[in-house]
2 protein chains.
Amino acid sequence: MALSTQPYKGARDFYPEDRRLQKYLFSKMRTVTERFGYEEYDAPILEPIELYMAKTGDEIVHEQTYVFQDRGGRTVTLRPEMTPSVSRMVAAKRQELQYPLRWYSIPNLWRYERPQHGRLREHWQLNVDIFGVKDASAEIEIIQIADAILREFGATPDMYTIRLNSRKMMDFIMREDLKLSDVQAHTLSRLIDRRAKMPADAFAAAVDAIFTPSQRDTGNSDRLLELLDMTRIEQLPEALQRQPATQELKELMATLEQSRIPNVIFDITLMRGLDYYTDIVFEVYDNHPDNNRSMFGGGRYDGLVGLFGVDPLPTVGFGMGDVTLRTFLEGHGLLPNLRSETDVYVITIGQVYQQAQAAIQEMRELGLNVAVAPAGSKTDKQIKIAHKKGIHYVLFIGQKELEKQQYTLRNLLTSQEEQHSIARIVSIIRDYRTTEA
Amino acid sequence: MALSTQPYKGARDFYPEDRRLQKYLFSKMRTVTERFGYEEYDAPILEPIELYMAKTGDEIVHEQTYVFQDRGGRTVTLRPEMTPSVSRMVAAKRQELQYPLRWYSIPNLWRYERPQHGRLREHWQLNVDIFGVKDASAEIEIIQIADAILREFGATPDMYTIRLNSRKMMDFIMREDLKLSDVQAHTLSRLIDRRAKMPADAFAAAVDAIFTPSQRDTGNSDRLLELLDMTRIEQLPEALQRQPATQELKELMATLEQSRIPNVIFDITLMRGLDYYTDIVFEVYDNHPDNNRSMFGGGRYDGLVGLFGVDPLPTVGFGMGDVTLRTFLEGHGLLPNLRSETDVYVITIGQVYQQAQAAIQEMRELGLNVAVAPAGSKTDKQIKIAHKKGIHYVLFIGQKELEKQQYTLRNLLTSQEEQHSIARIVSIIRDYRTTEA
């Protein structure tokens with residue numbers, strides 16, 4: 001029986017046109033992130049399962065990991081996220097690294113989910129983290145980078161909204177104000193996280209069910225539901241507004257607005273699923289009516305590096321996935337038409353394949369990407385092939401051309417033909433490449 | 001108990017300095033390969049185990065794969081090599097793709113081996129393949145690319161040797177000449193592959209043991225051992241020299257020598273472990289006395305795409321691993337000192353962190369990669385940090401600088417300080433970056 005040609009379910013084959021787009025996405029991510037002084041790192045895709053036990057969240061670890069035993073009996077996992085790996089790497093060199101440490105990576109991540117639009121089992125995710133900064137300048141820089149990347153792709157502030165919340169403030173509400181236990185607070189956090197996906201009355205009933213009868217008697221449940229409907233910090237009860245965590249959030253939003261990021265809003269229901277966030281969290285929402293949902297996010301997690309037995313390290317970061325980013329760019333008409341990397345397709349006429357090699361080599365040495373048609377193949381067919389490959393120029397080399405050292409260059413988009421020396425041809429194509437890029 | 005900070009055994013963490021070197025290797029691989037008109041593709045790291053059963057070789061499939069069941073009961077593998085995946089992708093679009101198809105990729109591959117110097121469980125491998133070309137122009141181009149990549153890194157022909165053989169000629173020897181059965185031929189191929197690692201008498205005894213008593217009576221075993229000692233095609237028996245496969249090999253070597261690749265030799269013992277090669281095979285050897293061994297290789301495999309139930313497709317390709325390449329470059333003193341991607345480290349003096357942001361943003365918009373020291377940290381300490389991070393320039397911004405719009409730039413290598421406008425500073429650093437690169 002013949003082998004299947006399908007890729008593994010929920011993962012993608014990247015044919016050259018797909019890979020080209022992915023490289024375009026990664027290239028802009030890299031350019032912007034490096035502008036802010038970040039350096040790229042990487043880690044193995046296999047990690048011990050223990051790495052995710054502490055903070056990644058039960059659903060991911062127990063239902064979505066690709067976990068197995070290697071031939072030596074170690075239980076390993078295809079990483080479902082990068083944050084534990086980067087925390088491990090920083091912890092390993094906790095003393096020798098220089099802070100603030102600005103690191104980024106674009107790893108592929110694996111989660112066993114039901115594949116659906118905008119959600120695959122394998123995706124790539126830009127991870128940007130700053131280590132060693134306690135104050136809000138870390139959050140500002142991280143959110144500036146996320147914003148600058150979207151703008152680099154041509155997005156304008158009306159296309160997306162940056163939502164902010166403070167886990168510290170939410171902890172204060174749940175622990176100090178509502179006097180919830182650890183378990184109650186954890187359950188409530190998860191519930192709030194799912195709020196947008198639930199009918200209002202089901203949500204209210206589920207919230208109510210979390211409280212004990214005596215907690216319920218004090219009207220806490222209704223008070224919480226009211227709170228969760230507030231969309232501006234100024235609406236919050238005064239005691240809550242006076243909390244340092246709330247003040248910090250307010251100042252952060254003001255600073256972002258001053259630094260040319262007007263599309264920032266407060267979202268008290270924003271929790272982020274992962275257990276390791278400790279303070280400010282943010283999520284970037286697509287404003288497109290057909291795709292109005294969270295694209296990516298991040299926040300402050302000051303506790304992860306310390307899990308490796310070294311001094312804790314304040315950290316702020318975010319992760320931006322390639323699948324959701326692509327959906328966003330597509331929805332807003334921001335995906336470019338990318339040309340083939342190959343500049344010119346050489347077609348030899350007659351028995352000159354060997355003699356043509358010097359001219360071909362010269363073009364390559366001068367920086368052109370040159371593909372060559374097989375010797376003795378039909379010219380018309382080869383022109384069609386070049387066209388289908390998305391190459392814009394064809395160069396004909398025959399006996400006559402070799403004698404005169406003047407070669408016939410055809411622009412496949414305009415069908416215009418000109419005869420030039422190799423040097424001139426290289427210059428024409430390089431100019432074309434620059435103006436088109 | 002604290003979590004371990006070690007990466008998975010046999011795999012590498014890439015700290016920024018390691019990742020920088022890896023990106024340098026990949027960048028040169030990409031540049032050269034694209035010069036020859038090749039396009040990049042990619043495939044998922046997980047593949048069904050069946051993909052490797054047919055042709056990858058028993059040792060790899062049964063002893064070295066990372067194989068496991070996913071949560072849906074599918075038996076999957078971390079790819080140990082890329083050739084089956086690319087063959088699968090080509091087969092899936094056999095009809096619509098345009099030939100010759102020139103593709104490359106730089107995947108990470110996993111094999112469960114005992115980690116040792118120059119051999120890890122995870123490595124990256126440039127894979128370059130041309131599909132749809134029957135004649136030797138495919139072999140010539142593929143070997144030219146392998147050669148051009150090494151030269152792009154600064155290697156000279158004396159540093160490495162390209163060894164060539166023909167599996168077709170070897171088949172002729174084993175089947176037509178020695179009249180061996182399938183099983184005998186396969187065993188003999190494996191044995192010849194290990195010849196360099198065995199004492200001569202042990203090898204001779206093992207060869208002898210393959211033959212049946214009647215085969216042995218004709219002196220075949222001795223004749224074979226003699227043959228395997230021949231180092232030039234001209235030494236081969238005349239009947240063998242007249243074989244088309246031998247003629248093709250001879251012509252290929254002559255063409256390569258004419259096209260500025262003098263370091264080509266004939267190696268009748270070169271078999272290549274993988275079962276799918278059908279004709280010309282080659283390997284590139286490091287000539288360094290401390291590391292005189294095969295670095296990488298490839299050859300023609302015309303049968304793989306057809307395993308997927310589509311028309312077969314002639315294919316020639318090679319794979320070049322990052323670990324052996326790195327060992328080669330290191331041994332020959334060809335590894336460069338790479339600078340940090342970050343161009344300048346901004347240190348604010350006094351309470352001007354917020355006011356300094358406009359100048360910082362201007363530098364970024366003009367193309368510089370700018371990291372910023374935290375507000376209120378000690379200047380001396382921050383200069384040391386910039387130095388340790390490998391950043392060459394520090395820019396001081398204080399109240400005085402902001403008023404005069406003249407900022408103090410210090411070159412950390414020369415300790416020289418100058419005062420300039422932002423535009424001038426950007427221009428100085430961009431010039432520096434260009435001349436150093």
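User: Let's start with B:Thr218. Where is it found?
Analyst: B:Thr218 lies in the loop between α9 (213-217) and α10 (220-228) of chain B. Keep in mind that this is a predicted model.

User: Is B:Thr218 buried or exposed?
Analyst: Exposed. B:Thr218 has 54% relative accessibility. The cut-off for exposed is over 50%, so B:Thr218 passes with its 54%.

User: And what separates the C-alpha atoms of B:Thr218 and B:Ala146?
Analyst: 42 Å. Along the chain, B:Thr218 and B:Ala146 are 72 residues apart.

User: New spot. Where is the place of A:Ala11?
Analyst: A:Ala11 sits in the segment before α1 (16-35) of chain A.

User: Buried or exposed, that A:Ala11?
Analyst: Buried. The relative accessibility of A:Ala11 is 10%. Buried means under 20%, so A:Ala11 qualifies at 10%.

User: Which residues does A:Ala11 touch?
Analyst: Leaving out residues up to four places away in sequence, A:Ala11 touches A:Trp110, A:Glu122 and B:Pro44.

User: What about A:Arg121? How many residues apart are A:Ala11 and A:Arg121 along the chain?
Analyst: They are 110 residues apart along the chain.

User: Now helices. At what angle do the axes of α1(A) and α1(B) cross?
Analyst: Roughly 140°. Helix α1 of chain B covers residues 16-35, and the two axes come within 16 Å. The angle makes α1(A) oblique to α1(B). The crossing is left-handed.

User: Which residues meet there, between α1(A) and α1(B)?
Analyst: From α1(A), they are A:Arg19, A:Lys23, A:Arg30 and A:Glu34. From α1(B), they are B:Arg19, B:Lys23, B:Arg30 and B:Glu34.

User: How many of those are charged in the contact of α1(A) with α1(B)?
Analyst: Eight are charged. The contact of α1(A) with α1(B) has no nonpolar and no polar residues.

User: Which residues are linked in a network of salt bridges?
Analyst: One network links A:Arg19, A:Lys23, B:Arg30, B:Glu34 and B:Glu40.

User: Why can side chains pair like that?
Analyst: Side chains of opposite charge can pair when their charged atoms come close.

User: How many salt bridges over all chains?
Analyst: The count is 59 salt bridges over all chains.

User: Give me one. What does A:Asp177 form a salt bridge with?
Analyst: With A:Arg223. The closest N and O atoms are 3.2 Å apart. This pair links distant parts of the chain, with A:Asp177 in helix α6 (residues 167-177) of chain A and A:Arg223 in helix α10 (residues 220-228) of chain A. They are 46 residues apart.

User: How do A:Asp177 and A:Arg223 count for accessibility? Which class?
Analyst: A:Asp177 is partly exposed at 29%. A:Arg223 is partly exposed too, with a relative accessible area of 37%.

User: Now chain B. Which side chain meets B:Asp302 in a salt bridge?
Analyst: B:Arg300 does, at 3.3 Å from N to O. B:Arg300 counts as buried, at 1% relative accessibility. B:Asp302 is partly exposed, at 27%.

User: And what about B:Glu234 and B:Arg232?
Analyst: Their side chains meet in a salt bridge as well, at 3.6 Å from N to O. B:Glu234 is partly exposed at 43%. B:Arg232 is partly exposed at 47%.

User: Back to helices. At what angle do α1(B) and α5 of chain B pack?
Analyst: About 135°, with the axes 9 Å apart. That makes α1(B) oblique to α5(B). The crossing of α1(B) and α5(B) is right-handed.

User: Which residues make the contact?
Analyst: α1(B) brings B:Lys28, B:Met29, B:Val32 and B:Thr33. α5(B) brings B:Ile145, B:Ala148, B:Ile149 and B:Glu152. By class, the contact of α1(B) with α5(B) has five nonpolar, one polar and two charged residues.

User: Last one, helix α13 of chain B. How many of its 10 residues are buried?
Analyst: Seven of the 10, so α13(B), residues 322-331, is mostly covered. Among the buried ones are B:Val323, B:Leu325 and B:Phe328.

User: What phi does B:Gly333 take?
Analyst: A positive phi of about 65°.

How values were computed. Residues are numbered from 1 along each chain as its sequence is written. Chains are lettered from A and ligands numbered from 1 in the order in which they are written. This is a predicted model: local features need pLDDT of at least 70, side-chain atom pairs count only at pLDDT 80 or more; totals for chains, interfaces and linings use all residues. Side-chain values use heavy atoms; hydrogens and water are left out. A salt bridge is a side-chain nitrogen of Lys or Arg within 4 Å of a carboxyl oxygen of Asp or Glu. Helices (H or I, at least four residues) and strands (E, at least two) are DSSP runs, numbered from the N terminus. Buried means under 20% relative accessible area, exposed over 50%, partly exposed in between (1.4 Å probe, protein chains only). Contact means heavy atoms within 4.5 Å. Axes are lines fitted to C-alpha atoms, for helices over the stretch in contact, and angles run from 0 to 180 degrees between N-to-C directions. Angles under 35 degrees count as roughly parallel, over 145 as roughly antiparallel, 65 to 115 as roughly perpendicular and the rest as oblique. A crossing is left-handed if the near helix is turned anticlockwise from the far one by less than a right angle, and right-handed if clockwise. Ala, Val, Leu, Ile, Met, Phe, Trp, Tyr, Cys and Pro count as nonpolar, Asp, Glu, Lys and Arg as charged, and the others, Gly among them, as polar.
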